[in-house]
Amino acid sequence: MKIGLIGCGNIGKFLLQSLNCDGFLPDSRIETVYMRKKQSFKELSERYGSHFCDDFGDFLQSDIDLVIEAATIQAVRLYARTVIEHGKDLLIISVGALADNGLFKQLKQLSELKGNKIHLPSGAIGGLDVLKATQLTGQLESVTITTRKPAASLTDKAVDNELTLFDGPAFEAIRQFPKNINVSIILSLAGLGAEKTKVRIIADSNVTKNIHCIEATGPFGKFNLNIENNPMPNNPKTSYLAGLSILSTLKCRHEALEIG
Ligand SMILES: NC(=O)C1=CN([C@@H]2O[C@H](COP(=O)(O)OP(=O)(O)OC[C@H]3O[C@@H](n4cnc5c(N)ncnc54)[C@H](O)[C@@H]3O)[C@@H](O)[C@H]2O)C=CC1
Ligand SMILES: O=C([O-])CC(=O)C(=O)O
């Protein structure tokens with residue numbers, strides 16, 4: 001699989017290392033990277049063996065089948081349509097962009113029309129299989145996620161113990177915390193939507209991990225998931241699992257046997 005990557009930050013470099021240097025998926029390689037800091041091209045290209053470019057047209061013309069977005073919600077708004085219009089599959093990790101129902105529908109319709117796939121990995125959480133199964137049959141009544149991160153990842157304010165920064169629906173949570181609560185939107189897409197999915201965000205001066213606690217209830221029963229994620233070394237806002245979930249999504253893409 002020939003991959004194009006948008007964004008070369010924390011997750012982007014993790015993917016370059018995993019695919020191009022460590023060979024975790026022997027049939028997949030990042031061929032081209034679109035990023036804006038031209039001064040790092042030479043060094044990065046020597047390290048990872050990919051072609052780096054700052055012209056989006058050149059990026060799309062390069063020999064790639066699938067584009068991975070690992071940048072920002074704004075980058076999804078800017079580039080997702082064009083990627084699909086050019087007949088490429090797309091994997092989005094800044095999935096918070098899809099809280100915008102209009103954009104979500106547009107991308108879905110466009111990919112159906114072009115015969116391309118859009119992959120939305122589970123990111124820094126799990127349990128989406130439970131939400132999808134229960135939602136499909138009207139068995140899901142409530143979904144809540146409580147996210148607790150080291151205070152400095154969420155606020156400049158001094159926090160003594162803990163401070164609840166947000167308590168409300170997912171669509172508003174992602175508007176206020178676009179770099180910290182993409183997980184609430186993948187939950188919304190799998191379950192009850194961004195208006196009914198409830199979110200609490202807590203800045204905690206006593207934790208070093210990114211902790212997500214998910215509760216779902218309905219006639220099916222009750223579901224609880226508590227995940228304590230180690231952060232990525234260079235961006236403590238982002239959990240290591242988010243990068244791993246992209247590798248897993250890539251691996252499953254063409255497999256005959258599907259688990260879960
Ligand atoms: N779905 C999930 O569970 C998770 C999603 N994320 C999201 O994944 C994304 C990437 O995370 P990190 O790598 O940790 O962030 P990062 O901040 O380390 O890297 C993002 C990179 O994208 C670049 N960038 C920004 N706008 C761009 C544009 N228009 N075109 C090209 N490059 C652009 C930045 O210069 C930066 O180098 C973020 O949006 C983050 O919020 C992070 C963790 C979990
Ligand atoms: O990485 C995490 O734990 C969650 C996160 O930043 C996000 O959902 O945007």
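The entries below go from domains to ligands to a sheet.

**Ground rules.** I am working with a predicted model, where local features need pLDDT of at least 70, side-chain atom pairs count only at pLDDT 80 or more, and totals for chains, interfaces and linings use all residues. Residues are numbered from 1 along each chain as its sequence is written, while chains are lettered from A and ligands numbered from 1 in the order in which they are written.

**Domains.** I looked up the domain assignment and found domain 1 (2-123 + 241-253) and domain 2 (128-235); such bounds come from an automatic or database assignment. Their centres, taken over C-alpha atoms, are separated by 24 Å. To their contact, domain 1 brings 14 residues and domain 2 brings 15 (in contact: C-beta atoms, placed from the backbone, within 7 Å). On the domain 1 side, H1 and helix H10 (240-252) each give two or more residues (helices are DSSP runs of H or I, at least four residues, and strands are runs of E, at least two, numbered from the N terminus). That side has seven nonpolar, seven polar and no charged residues. For these classes, Ala, Val, Leu, Ile, Met, Phe, Trp, Tyr, Cys and Pro count as nonpolar, Asp, Glu, Lys and Arg as charged, and the others, Gly among them, as polar.

**Ligand 1.** Where does ligand 1 lie? Both domain 1 and domain 2 give residues to its shell, so ligand 1 lies between them. I found 29 residues around ligand 1, the closest being Gly7, Gly9, Asn10, Gly123 and Thr238 (near: C-beta atom, placed from the backbone, within 6 Å). Helix H1 (10-21), helix H4 (73-85) and helix H9 (182-190) each give two or more residues to this shell. By class I noted 16 nonpolar, 11 polar and two charged.

**Sheet.** I then traced an open, mixed sheet of five strands, in the order S8-S9-S7-S10-S11 (strands pair if DSSP finds at least two bridges between them). Its edge strands are S8 (162-169) and S11 (221-229), each pairing on one side only. Strands S7 (residues 142-150) and S9 (residues 198-204) run parallel, joined by seven bridges. Pro150 stands opposite Asp204 in S9.

Conventions: Two residues are in contact if their C-beta atoms, placed from the backbone, lie within 7 Å.
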